[in-house]
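Colleague: I would like to go through the labels used for this model one by one. Please set each value against its cut-off.

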Amino acid sequence: MTLAVGSSCDISVTLSPRFPVNKSVTLRFVTNVSSSPTFDVILTGTGQGVPPQPDIKVNNQDEMLTLPAGSLVSVDVAVTAGDLAGTLADIFIGVSTINGSWVGRTLPIAATSTGAFSDIPSTALFNMEPLPGNASYLFIIIVDTVGNNVLDDISYFDSVVVNIQ
């Protein structure tokens with residue numbers, strides 16, 4: 001929009017975060033005034049919806065656990081969709097060493113770009129061969145609110161740290 005010198009206009013902007021988290025965005029106005037070529041307005045808001053609730057358990061545990069070397073590891077996941085029900089969303093699940101080396105793939109096991117997102121009841125995802133000892137592993141599930149098979153948003157996740165001795 002371009003305004004003539006001395007004129008004005010009203011602009012209405014609404015920030016509507018989807019879930020009960022604080023969000024902020026910057027609205028930038030570009031001017032032809034050399035002393036202040038841009039003018040920023042920061043908008044903040046708190047959403048009102050019910051967020052998705054991912055859950056991951058390792059050997060039926062929700063919290064950090066320590067296992068002896070040679071232990072088998074089972075992983076179960078569940079997701080309550082909340083207000084994402086019926087929309088497009090992705091789910092990513094992965095396991096890495098604590099130093100960041102990926103042991104397993106991060107994969108969209110329930111990417112829903114092709115259909116409506118819904119609750120996922122507790123599901124046994126896999127049983128892993130024994131993990132190498134003297135290491136710590138991070139098992140994680142992420143609900144990405146942008147349903148495009150690309151990890152865009154990590155606001156909603158659950159994780160379990162497993163120490164193998």
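Modeller: Before we start, note that the model is predicted.

Colleague: What makes Arg28 and Asp40 a salt bridge?

Modeller: Their side chains meet at 2.7 Å, N to O. The limit is 4 Å between a side-chain nitrogen of Lys or Arg and a carboxyl oxygen of Asp or Glu, so the pair of Arg28 and Asp40 qualifies. This pair links distant parts of the chain, with Arg28 in strand E1 and Asp40 in strand E2, twelve residues apart. Asp40 has a relative accessible area of 35% and is therefore partly exposed, the class between under 20% and over 50%.

Colleague: How do you know that E1 and E2 pair?

Modeller: Pairing needs at least two bridges, and nine join E1 to E2 (residues 38-46), so the two strands pair. They run antiparallel. Arg28 stands opposite Asp40 in E2.

Colleague: What makes E1 lie largely in the open?

Modeller: Of the nine residues of E1, the number buried is zero, so the strand lies largely in the open. Phe29, for one, has 29% relative accessibility and counts as partly exposed.

Colleague: Why is the pair of Phe29 and Phe39 called tilted?

Modeller: The ring centres are 6.4 Å apart, and the limit for a pair is 6.5 Å. The planes make an angle of 35°. Stacked would need under 30 degrees and edge-to-face over 60, so tilted is the class that remains for Phe29 and Phe39. Phe29 lies in E1 and Phe39 in E2, so the pair ties together parts that are ten residues apart in sequence. By this rule the count comes to one aromatic pair.

Colleague: How many salt bridges does the search find, and what makes Asp55, Lys57 and Asp62 one network?

Modeller: The search of the whole structure finds three salt bridges. Asp55 forms one with Lys57 at 2.7 Å, and Lys57 forms one with Asp62 at 3.8 Å. Both distances are within 4 Å, so both pairs count. Salt bridges that share partners join Asp55, Lys57 and Asp62 into one network. Lys57, at 27% relative accessibility, counts as partly exposed, and Asp62, at 37%, is also partly exposed.

Colleague: Why do E4 and E6 count as edge strands?

Modeller: The open sheet of four strands has the order E4-E9-E8-E6, with mixed pairing. E4 (65-67) and E6 (90-97) each have a single partner strand, so one side of each is left without a neighbour in the sheet. Three bridges join E4 to E9 (residues 156-164), and these strands run parallel. At least two are required, so this pair counts. In E9, Asn163 is the bridge partner of Thr66.

Colleague: How do you know whether Leu131 is buried or exposed?

Modeller: Leu131 has 5% relative accessibility, and buried means under 20%, so Leu131 counts as buried. Leu131 lies in the loop between E7 (120-128) and E8 (135-144). Leu131 and Leu72 are 59 residues apart in sequence but 7.6 Å apart in space, C-alpha to C-alpha.

Notes
Residues are numbered from 1 along each chain as its sequence is written. This is a predicted model: local features need pLDDT of at least 70, side-chain atom pairs count only at pLDDT 80 or more; totals for chains, interfaces and linings use all residues. Side-chain values use heavy atoms; hydrogens and water are left out. Buried means under 20% relative accessible area, exposed over 50%, partly exposed in between (1.4 Å probe, protein chains only). Rings of Phe, Tyr and Trp (its six-membered ring) pair if their centres lie within 6.5 Å; planes under 30 degrees apart count as stacked, over 60 as edge-to-face and the rest as tilted.
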